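Here are some questions and answers on how charged side chains pair and how strands line up. Look at the sequence and the structure first.

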Amino acid sequence: MRMDRDELIATYRANRAHTRRLFELFAPQAYYERPIALRNPVVFYEGHLPGFALNTLVKLALKREGVDARLEALFARGIDPEDEAAVRSPTDLWPTREEVQAFAAECDARVEDALRNGTLVDENVPHLRGGEAVFTILEHELMHQETLMYMLHELPYDRKTVSESQNLRISERGPTGSVEIPAGKATLGAPREQFGWDNEFPQHVVDVPAFTIDTLNVTNGDYLEFMNATNAHAPHFWTRENDTWLRRGMFESTPLPLDAPVYVTHDEAAAYASWKGKRLPTEPEFHRAAYGTPSGEERAHPWGNEAPDNTRGNFDFTQWDPVPVGSYPAGASAWGVHDLIGNGWEWTSTLFAGFDGFAAMPSYPEYSADFFDDAHYVMKGASPVTPRELIRRSFRNWFRPNYPYVFATFRCVS
């Protein structure tokens, strides 16, 4: 496999530059705060991203010297506790921001030197097969850009710097209702010839029985009806002032947009679906609705084989918050199902686990396997702040069923 070193360095620099711009959205006084109690404070992530790249490519794959053993260990890995009582911070005294940024700069320099001069592909070295370590560090940064946005969202507005508002003009809207999808096959996973995370392999075909799926995601208005009928609690992203429900957006609270998708936990989504006499889709059903076609072929994306762009869905930071459902008709699947990519990850009823033949990836062996615990559910699709580079058919996300901070919505099937 030939890899263009200039292109790789440019991609690494672009990813790092975007991350730095995202950190600028955090007010300086928020640097040591822990906006999400189940995660490390903000400071951790400014050291973790370059530290992970150094640890994975420079030290693990190429066996080169590191920068600072103490900081490399401190910023090595995040946490995923079951509850706040299980939180274990790696330190009680974090470095100064100047120290973190100096560490990051040195990590970046060594990573770029490795990309320029190191062996990037070697089929005899597990970490370098197909350039695995290189693509691991690039996509790891992209995934954590979304993590930063979850944390930023939880901060009070006075702990954020002002961002320009993003407005989408809606010209058409997808039809409401549901569509019947006949029995057929769905291809899950990715071919080994391309980079993917270990939980994306091996590629395989499954039979999917016939089912009926909602063409649009469940909206805030739909969920409000459920709350009024059952006395269910409000979702995490809602707040109430006097008699008015508001949505806590990234940079401001606004009257609850009834036509936007509701962001909820898996538990809340399952409860709503049950109330409707329906259920959440399985991962194979999502694939069939998103990538299948009436003629039997499968597409790379719901809309076809064209690359993702900002006409296909609400992703890649084009908006900070979800927009009304059905706002991107050009992104609809062959069956007429809307918003399968963008505007919010979609919960499935599938417990996160490895496919038959799963093998942990050498560059990050704990990436998936640590979560094969029957305590996490698969999510598919993308949110408004999912980078477009992560939008591929085989990509799988996962969270605990009671985790309220992820930008995740759902639709029902029967």
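Q: Which residue forms a salt bridge with R159?
A: This is a predicted model. A salt bridge needs a side-chain nitrogen of Lys or Arg within 4 Å of a carboxyl oxygen of Asp or Glu. For R159, the closest N and O atoms of the pair are 3.8 Å apart, and the partner is D158.

Q: Is D158 buried or exposed?
A: Exposed means over 50% relative accessible area. D158 has 52% relative accessibility, so D158 counts as exposed.

Q: How many residues apart in sequence are the parts that R116 and D6 tie together?
A: R116 and D6 form a salt bridge, with their closest N and O atoms 2.6 Å apart. R116 lies in helix 4 and D6 in helix 1, so the parts that this pair ties together are apart in sequence by 110 residues.

Q: Which residue in strand 4 does S178 stand opposite?
A: Strand 1 (residues 178–181) pairs with strand 4 in the antiparallel sense, over 4 bridges. In strand 4, T212 and D214 point one way, F211 and I213 the other way, and all are buried. The residue opposite S178 is D214.

Notes: Residues numbered from 1 in each chain as written. Predicted model: local features only at pLDDT ≥ 70, side-chain atom pairs only at ≥ 80, totals over all residues. Heavy atoms only, no water. Buried < 20%, exposed > 50% of the residue type's maximum accessible area, 1.4 Å probe, protein only. Helix = DSSP H or I, 4+ residues; strand = E, 2+ residues; numbered from the N terminus. Pairing = 2+ DSSP bridges.
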